Structure formats: C-alpha cells, structure tokens
Amino acid sequence: MPSAVPSATTTRRQRGEGQWALGYHEPLNKNEENKKNDDGLNVRDRIIEIYSKAGFDSIDPADLRGRFRWYGLYTQRKPGIDGGRTGALPDEELDDRYFMMRVRIDGGRLDGPQLRTVADIATRYARGTADITDRQNIQYHWIRIEDVPAIWEALEAVGLHTTEACGDTPRVIIGCPLAGIAADEVLDATPQLREVHDRYIGSQEFSNLPRKFKSAFSGCTAHCTVHEINDVAFVGVVNADGEAGYQVFVGGGLSTNPMFARSLGVFVRPEQAHEVWKGVISIFRDYGYRRLRHRARLKFLMADWGAERFREVLQDEYLGYALPDGPEPAAPLPRRDHVGIHPQRDGDYYVGFAPRVGRVNGELLGVIADLAERYGSGRVRTTAEQKMVILDVPEENTEALADALAEHDLQVRPSTFRRQTMACTGIEYCKLAIVETKQRAMDLVDELEKRLPDFEQPLTINVNGCPNACARIQVADIGLKGQLVVDENGDQVEGFQIHLGGALGRSFGKKVRGLKTTSAGLTDYVERVVRNYDAQRAAGETFAEWVGRADEADLK
C-alpha cells in the first residue's frame, strides 16, 4: 500500500475522508462497513446455493441492496408507485420481488451465438425485455432470483457474464464497436481492452472501490466512447515519431456534480496500457474518498489534486517510471454513433442502425441475429449511444440489409430525432426515477418526425428520469431532467427541468431561470426551440453555439 503523504495544502481536505493510503481503514458509513464485512464477489455462491433455492424472502438485506450489484442485479421498482413517493419511501417498500440484470458486453462485441443467447434469455426469463444501455450493456427486467443461476450458466457458456456489471467495481469497459474494422481508426484498442478485462475483472484486488469506476479504450476518430465523462479513458493518438498509442483522460463523470475528465498529457504505448489502467484504478482505491457517498467518485479527487499531481503520483508511486509527454486527440465528429452504411478496412461494410432509444426485446434481438448471419458474418456490436452495428456486410448486401432492418423499425438512415435521442430506464423499472422516460422519448421522436420532417442538423435530446444523469443530460443539446412540476391547473404532474447547449468536453448545458415543461407540453416546447434554432442559425453553427448567443426568450 502506498505510504506517501500528500502536500500540506491538501492534507486538511483529505483528513477523515476514509482514504486507505492515509491510514483510514475503519469504515465511515454503512456501505463501507458492508464491503469490509464481506467482499461483494462472495455473494455469487450464496445466490446459487441458497437464495435461488429458498426464494426472494431468504435474501439477506445486505446482499439484496448491496452485494447483489457486484453481479449486475438490482431490485426493480414495484409497479404503481408514483414519482412523488420516490424519495419518501424506504427501499423495502420500493423494492419489487424481481430484478434488473445487466449483462456486461465489454467493447460492445457480440458474435452470433452470444446474441442469440442474450435474445433467448430475454424471452425465457425477462418477459421479453431488453434495453441497450449507453455503456454498451444489455439490461433485462423481471428477473426472478430462482432463475439467476440458469441465466449465468447460459451466458457463461458463450463467453458472457454479469460480474461487476454494477457495484463499487470496475464496470463494463466501453470500446469502439468498429475496433479493428474501421478504415480510419488510429489503432485497434481491442488487445488492451481484453487484457484489462482478463487480468482484473472479477479480481478482489479491485472489488472494493470507493464507488463505481468507468473505463474506455478506443482508437476511434469519432470518439464514440465519450472519453470526456469516464473515470479513465485511453484515447488513440499518434506521437511526433509516428507511433500510435494513447492519451489518458482521468476524472470524468456527470450525476449531480458534472465534471469533464482531464488529460494527463502523457503518451502510453499499447503494451503499457494495462499497467497505467491498474495505476489509475489503484489511486482511486487507495486515495479515493470513502466517507461521504456523494463524494466517492474519482472526479472529486482529480478536482482536488489536479492533473499534474495525479500524473506525479501515478508515475512515482504506482508505475515506477515516467511517461513521456503526448499529443492531444483530434476533435470528435459531430455524430459519434456509427449509424449508416460505411466501408470497413477489409472491403466489406458495416451497417449501423437505430433502435428506438435503445429499447429492443428478445424477439427483435433474434431477428437481428438472423439478419447479421444472412447478410454478414454474424458479428454485431452495441454502441455507447444505444445503437447497434452489423459487421462484415458485402457491398452488394448493404441495401437489402437496410430494407430488412426497416421492416422491423430499425432505421439505417434515421431522422436526427430518432438517431440522437437517448433515454434512461425511467420510472417503469427504476427505484430512483421520478418520471417515465422510455415511452415519453419514443413518443417525442415520433411527433417531431411529423412536425419537423426536413430538419437534418445534429441535435442530441437526452431524457432522464431523475437528477443522476444516466442519460447524460448535461452534455446534450437539449437535456431533460425528470421532476414533478405544477401544470396550468395548479396540479403536480410529471415534467422536466431543461438544460440547453451541452457539449461533450466543452460545456455543460445551461439552465434558464424557471425553464421547465410538463411531460404533456414537452413536444411543443422542443418543436418551438428547434424551430427558433433552425431559423436563426448561421452557416455551420451548432445548437450549443446558438444557445450561447440566443435571446433568452427564444429558448423558452
């Protein structure tokens, strides 16, 4: 364990924050006490041997609302509880007897048998449910504890799992869905992503972190892995000698205190990447704040230390060698989602398509598996924008595949609204949510396509059911944060606080004083502000740039 003591300027802030490296090993809250009492990874055996056999009522509460997350399991929201009671009821009253289960899909990589297995599990055990998350996972609902061992057995038979899909752990590692395929990538990050996964996921070395830890590895020129908001992100760059490697960004995250990741200014060669990743997560484990749950993310440590000091500690205490300075990555593309028909480096094509706000189901996933095998090699990818990509399609098959996908409402050439609207789980299943999101977002897309059929500018609309920003509301052009509002009749109803002009890595959306809408009035509001932008924008001006100069009246 590192023994170095921080400088005097930071000692006072860090005293009593529960940092292991400073000698604070006694748990300072209930979460830390539960983790000290028993590692979350140990709950697997109890699920298999006890809970799945004795049923829901046999589950220890410390496992149910704590350690189950280490295997991707959360209790879902009991039906019929309105958003006004979300923060008022204890967990045992919000809990249903069913679970959300999150399947890790590191790098978004799925072959044919894997996708068919995911689809079959949805149909057999999850009432058909399956959502693509904005971290490339597949998320089920209505899972019974009795069925969990059979689900794990099916997943593991094809090389998938739920280990550390949630919890205070290194969660799914996102990667470019076109790694090793895109003609213009800086480098293929697949070997580094796999090495980190195989070395460290499921290891007790990093199964007790202060809170969750989000990673990304990518050589993508579109920057589809949103490196700006990960705890650590390795971004492909080329140094002055023409070598391809990585710049490293640390300390990004949203929720109620959004912060962009900071570049360490280094150049990491591919063979060093797993050591640097280990160093960064070790700093989080050892120096991360554990006393207050809301400050237990790496972004708070980075905000206090700064990138220069973080780099020094990484090099001096964890790596044992200095990293050379490195270049910053090129600017991202306006759309990062890989939707459409595009050439691969090997002469075939990939076909990216847009489900409706990530909502699919078991039957539809089976159809996608069939189409991927019929028109391509069977390989499919999920994206960090709730989209999917079918790989290895010969040029002569691309239009036939696009037509076949369209028959199932999977658009290869979607409208801006279909392509760039994202939604979290919402009150349908989530215990933290205040409002409904998925159906609301789908209805919004359908109506905007009718009202604004010719609008083609890039425009992100992100819909979130609570303040926690799972759908990245602060970095959307139009970010919608669910809350209860008062309508024109004086009644409390579902609605949204509006954030405008967010842009990844550049600015968080601004809140205009008093700017809220009811759910019923949402479409009218979005139509109005988009029409104002379309009428007033200069050539090449983005929505975020227009928001920065627009009159406040045009934003309401």
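## Helix H2 and its surroundings

At the start of H2, the backbone nitrogen of Asn31 has a side-chain oxygen of Asn29 within 3.1 Å. The model is a predicted one, in which local features need pLDDT of at least 70 and side-chain atom pairs count only at pLDDT 80 or more, while totals for chains, interfaces and linings use all residues. Residues are numbered from 1 along each chain as its sequence is written, and side-chain values use heavy atoms, with hydrogens and water left out.

Helices are DSSP runs of H or I with at least four residues, and strands are runs of E with at least two, numbered from the N terminus. In the table, buried means under 20% relative accessible area and exposed over 50%, with partly exposed in between (1.4 Å probe, protein chains only).

| Residues of H2 | State |
|---|---|
| Glu32, Asn34, Lys35 | buried |
| Lys30, Asn37 | exposed, on the other side |

Glu32, Asn34 and Lys35 are the buried residues of H2 (residues 30-37). They lie on the same side of H2 because they cover an arc of only 160° around the axis, the arc being that of the directions from the helix axis to the C-beta atoms. These buried residues pack against helix H4 (61-64), where contact means heavy atoms within 4.5 Å.

## Asp286

Asp286 has its place in helix H9 (residues 273-287), and it counts as buried because its relative accessibility is 0%.

Note on methods: Polar contact = N/O pair within 3.5 Å; in protein donor to acceptor, adjacent residues only side chain to side chain.
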